[in-house]
Amino acid sequence: MSVRHYLSIARSTVAIAALALSCAVVAAAQNPAKSSSAAAPAIWHDPGDIKLKDLLNGPGGEKDHPQLPLKFLKEDRGGKNSKFDVEDANGTKWKAKLGIEAQPEVVATRLLWAIGYFTNENYFVPNLEVKELPAHLHRGQGHVISPGHLDGARLQRHRGNEKKAANWSWQHNPFVDTREFNALRVMMVLLSNWDLKDENNAIFTDKEGQQQYLVTDVGTAFGASGKHWTEAASKNNLKEYRKARFISKIAPDYVDFNFPRRPPLLHLLVLPSYIHQVHMRWVGNRVPRADAKWLGSLLAQLSTDQILAAFRAGGYPPEKSAAFTKVVQSRIAELNQL
């Protein structure tokens with residue numbers, strides 16, 4: 001066989017390979033749903049029509065409300081808050097949280113969910129009856145108002161019963177410098193949710209294999225803009241929430257927020273906690289102005305009635321719900337004036 005014949009065969013082979021590659025590229029472009037990007041990790045998704053969101057019932061809706069009565073399973077000794085596991089009448093398991101964080105967490109979750117952030121399901125149940133409640137809780141006994149009855153609890157579960165895969169870091173995650181992540185930073189400021197530990201963040205994997213990034217503990221909301229002298233002033237405190245300064249500096253390209261505030265010097269006695277709070281001040285600093293304003297445009301779609309409904313879901317009385325709503329709306333207005 002001549003050299004010329006070999007060269008002819010080689011040219012034909014290259015041409016066929018090029019044609020096959022071209023067809024594959026076209027097919028991939030015409031079938032984007034099959035691309036690997038469909039399972040890319042996400043911290044936010046399009047919430048749809050925000051004006052139609054039901055903030056009274058939240059992401060689980062009315063259908064997912066815990067079915068009473070509840071049965072006590074076991075006490076959770078982890079963390080600082082009084083918590084225990086329960087099972088409702090349908091066999092669904094929930095994590096009950098007692099104390100000062102129970103109400104604000106329900107509200108904060110609904111506001112995050114309404115604008116497209118992934119959240120757990122949270123419901124607040126006042127005067128909660130729990131069957132087989134121990135005669136004495138190791139923590140939270142002060143919330144027992146009579147045998148088997150508590151003065152109120154937040155009940156939480158993750159939708160779809162997916163298992164937590166891992167925690168995620170505020171400083172090191174796939175979304176750093178994105179609009180959605182920067183807006184999440186601003187949401188922490190707006191809510192005054194200052195307990196920004198990585199252990200309060202979780203990654204869940206849904207049925208399609210997508211990793212969803214959540215802030216799973218937002219109970220330190222609606223109080224001071226950082227750790228105060230007392231727990232009662234630091235969270236779920238209308239007076240402190242109302243007087244806290246929101247925006248501290250507006251530059252042409254970025255915004256600084258007064259968050260989280262430096263803890264009182266007394267907290268130097270717990271040095272690691274003090275250092276962490278100071279270190280996390282970057283969360284509220286140098287947020288791109290356009291990203292902060294984008295968040296404002298989402299929140300501005302919520303009506304007064306929707307925000308009031310979120311506070312009602314947290315068990316707040318009407319007068320207090322209205323007062324908190326007014327502060328939230330004033331902060332939304334500041335974002336939209338940037």
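This is a predicted model: local features need pLDDT of at least 70, side-chain atom pairs count only at pLDDT 80 or more; totals for chains, interfaces and linings use all residues.
**Pairings around strand 1**

Strand 1, which covers residues 70–76, is joined by 2 bridges to strand 5, residues 128–131, and these two strands run parallel. Within this pairing, Lys-71 has Lys-131 of strand 5 as its bridge partner. Strand 1 also pairs with strand 2, residues 83–87, this time in the antiparallel sense and over 5 bridges, and here Phe-72 stands opposite Val-86 of strand 2.

Strand 12 meets strand 13, residues 254–257, over 3 bridges in the antiparallel sense, with Ile-250 standing opposite Val-255 of strand 13.

The table sets out the pairings described above.

| Strands | Sense | Bridges |
|---|---|---|
| Strand 1 and strand 5 | parallel | 2 bridges |
| Strand 1 and strand 2 | antiparallel | 5 bridges |
| Strand 12 and strand 13 | antiparallel | 3 bridges |

**Helix 2**

Helix 2 takes in residues 102–114, and because its 13 residues are counted at 1.5 Å a residue, the helix should span 18 Å, which agrees with the 19 Å between its end C-alpha atoms. The helix is mostly covered, since 13 of its 13 residues are buried, and helix 2 is followed by Gly-116, whose phi is positive, near 110°.

Notes. Residues are numbered from 1 along each chain as its sequence is written. Side-chain values use heavy atoms; hydrogens and water are left out. Two strands pair if DSSP finds at least two bridges between them. Helices (H or I, at least four residues) and strands (E, at least two) are DSSP runs, numbered from the N terminus. The expected span of a helix is 1.5 Å times one less than its number of residues. Buried means under 20% relative accessible area, exposed over 50%, partly exposed in between (1.4 Å probe, protein chains only).
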